[in-house]
Structure formats: structure tokens, C-alpha cells
Amino acid sequence: MSGADSGISGVFPRSDLEDRDRDRYVATDDETFSVTSSVFDYQYENGRRYHAFREGSYYAPNDEYQNNQLDIFHHIYLMLLGGNLYIAPLDNPKRILDVGTGTGIWVMDMADEFPDAEVIGTDLSPIQPEWVPPNVRFEIDDAQSEWTYGEGTFDFIHIRCLFGSISDWPALLQQAYRHLAPGGWIQIAECKLPYDCDDGSLASDSYLNQWTEYAVEAGKRAGRPFNITDKIWGWLQESGFERTEERVFKYVCP
């Protein structure tokens with residue numbers, strides 16, 4: 001993979017970082033907002049590390065254990081899609097946005113596949129790698145805030161595993177619709193909670209099933225639902241999207 005030292009737009013570096021690390025976090029694009037070094041003042045609870053920017057907006061940690069899990073899920077999604085990063089019928093996209101990019105692994109793979117495209121990943125946490133393809137940019141941003149890009153900017157918008165972290169999905173999808181270029185595509189991949197099982201092997205009193213029920217209840221109380229897979233298709237249509245298609249993939253747990 002080709003690489004170039006990359007900055008994360010909209011972040012001021014901490015004064016105690018080495019020069020090479022400070023350069024990584026200097027804002028590089030006038031259209032992005034700037035935030036203070038408080039984005040590095042992570043929150044710690046029960047031995048886990050959580051994001052500082054818009055504290056509490058995302059339920060999961062952002063430490064090494066969680067980031068490894070995100071990369072594992074990226075591999076699982078690749079297997080579900082037959083080794084593909086996307087299923088939308090893309091035709092030489094020039095600008096691609098990944099909302100809630102996490103470790104940025106999907107963005108970097110897409111940048112390698114489309115070297116002539118600009119690929120942007122946004123997230124609440126500055127946890128992305130230092131060396132990335134030259135056509136990649138990471139930005140610290142809250143997807144539920146007003147987007148700073150011009151309308152019609154992107155040819156492809158990708159959203160994956162944001163269940164439990166969005167309080168207003170219709171508003172998010174309406175923003176995505178406005179910022180897609182005519183003929184652009186959006187792809188959303190989410191896990192279903194509670195889990196389904198077609199052979200009866202997942203008992204209702206199993207720890208796994210109880211965990212999913214607790215997660216759904218927690219999301220309901222927080223106002224950021226987990227059980228959204230049966231609603232996304234309708235939200236997309238209500239937002240103005242056409243030629244919508246829903247595909248269900250079954251993952252077999254070993």
C-alpha cells in the first residue's frame with residue numbers, strides 16, 4: 001500500500017506531542033471546523049477508554065481492544081460481501097465519505113481501490129493510523145451536526161455499524177441525501193438486534209440473547225436505538241432516495 005503522512009483536519013495538536021505527531025493533527029482544510037486539544041482528553045471508566053469529543057455520543061470504547069474488534073468486523077463484512085468493500089454500482093467515484101470511520105480501515109482500502117478519488121473518513125475519535133494512502137483524509141466530526149461540505153459533494157457515502165449511536169436517523173439520512181451528487185449512492189450496513197437464529201440453537205435465556213436485549217433497552221433509554229435494521233429502508237425512501245434495495249446477509253457464528 002502506498003502511503004503518505006496524513007493530517008486529521010480540524011484538530012489542534014497537544015503541546016506535549018513530538019513534532020512528527022503534532023504535524024499529524026494540524027488542520028489542513030478551510031472548510032472543516034477546528035476543535036481544541038481536548039479531543040485527546042479521553043474519558044476512562046471500568047478500565048476502558050472512551051472518546052472525549054461530544055462525550056457520551058458513542059457507546060463503545062476507543063481503546064486498542066475495541067479498535068482490534070472494529071478491524072475484525074471489517075474482515076467479517078468483507079466475507080459477507082464476497083471480498084468486496086461495497087455492493088453499490090459505483091462508476092469511477094471522485095469523492096467518497098465514510099461516516100463514523102473508526103480505525104479508518106475501510107477508507108484506506110477504498111483509497112487503494114480508487115486511487116483517483118478523494119476518500120474522507122469522519123469520526124469522534126482521532127484513532128486513525130499515521131501512514132495512509134495520499135488520497136485519504138480523516139476529520140474529527142459529529143455526524144449528527146450540520147455537515148460542512150457543500151451540497152452534492154460526494155459520489156458515494158458509506159455508513160456501517162452506527163446502531164446505538166444515532167439519535168435521529170432520518171435527519172442523518174436527509175443530510176446524506178443533500179450531500180450526494182446527482183446519481184450518487186449511499187450504502188448502509190447494520191447488524192440486527194436482537195439476534196435471530198433459524199435453527200433454534202439460540203436459547204431465549206442464553207447470555208448472548210440476554211445481552212442483546214439489554215443493549216436494545218439501553219439504546220432505548222439513551223435515545224439512540226440499536227434495533228434499526230427494519231426501519232432503514234423506509235427512512236431512505238422518506239429522505240428522497242430512489243432505487244433503494246435491501247439485502248439481508250446471514251452470518252453463521254462458529
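Q: How do strand 6 and strand 8 pair?
A: Strand 6 and strand 8 (residues 136-140) pair in the parallel sense over 5 bridges. Strands count as paired if DSSP finds at least two bridges between them. Strands (E, at least two residues) and helices (H or I, at least four) are DSSP runs, numbered from the N terminus. This is a predicted model, in which local features need pLDDT of at least 70 and side-chain atom pairs count only at pLDDT 80 or more, while totals for chains, interfaces and linings use all residues. Residues are numbered from 1 along each chain as its sequence is written, and side-chain values use heavy atoms, with hydrogens and water left out.

Q: Which residue of strand 8 stands opposite D123?
A: I140 in strand 8 stands opposite D123.

Q: And what joins strand 5 to strand 6?
A: Strand 5 (residues 95-99) runs parallel to strand 6, and 5 bridges join them. V119 in strand 6 is the bridge partner of I96.

Q: Why is strand 6 described as largely enclosed?
A: Strand 6 (residues 118-123) is largely enclosed by the rest of the structure because 5 of its 6 residues are buried. Buried means under 20% relative accessible area, exposed over 50%, and partly exposed in between (1.4 Å probe, protein chains only).

Q: Next, S125: where is it, and is it buried or exposed?
A: S125 is found in the loop between strand 6 and strand 7 (131-132). S125 counts as buried because its relative accessibility is 4%.

Q: What does S125 touch?
A: Leaving aside residues up to four places away in sequence, S125 touches H51, N62 and I140. Contact here means heavy atoms within 4.5 Å.

Q: Changing topic, how does strand 9 relate to strand 10?
A: Strand 9 (residues 154-160) and strand 10 run parallel and are joined by 6 bridges. In strand 10, Q187 stands opposite H158. Strand 9, helix 4 (residues 169-179) and strand 10 also make a right-handed β-α-β unit.

Q: Finally, where is Y195, and why does it count as partly exposed?
A: Y195 is found in the loop between strand 10 (180-189) and helix 5 (207-222). Y195 counts as partly exposed because its relative accessibility is 33%.

Note on methods
Right-handed = clockwise from strand over helix to strand, strands pointing away.
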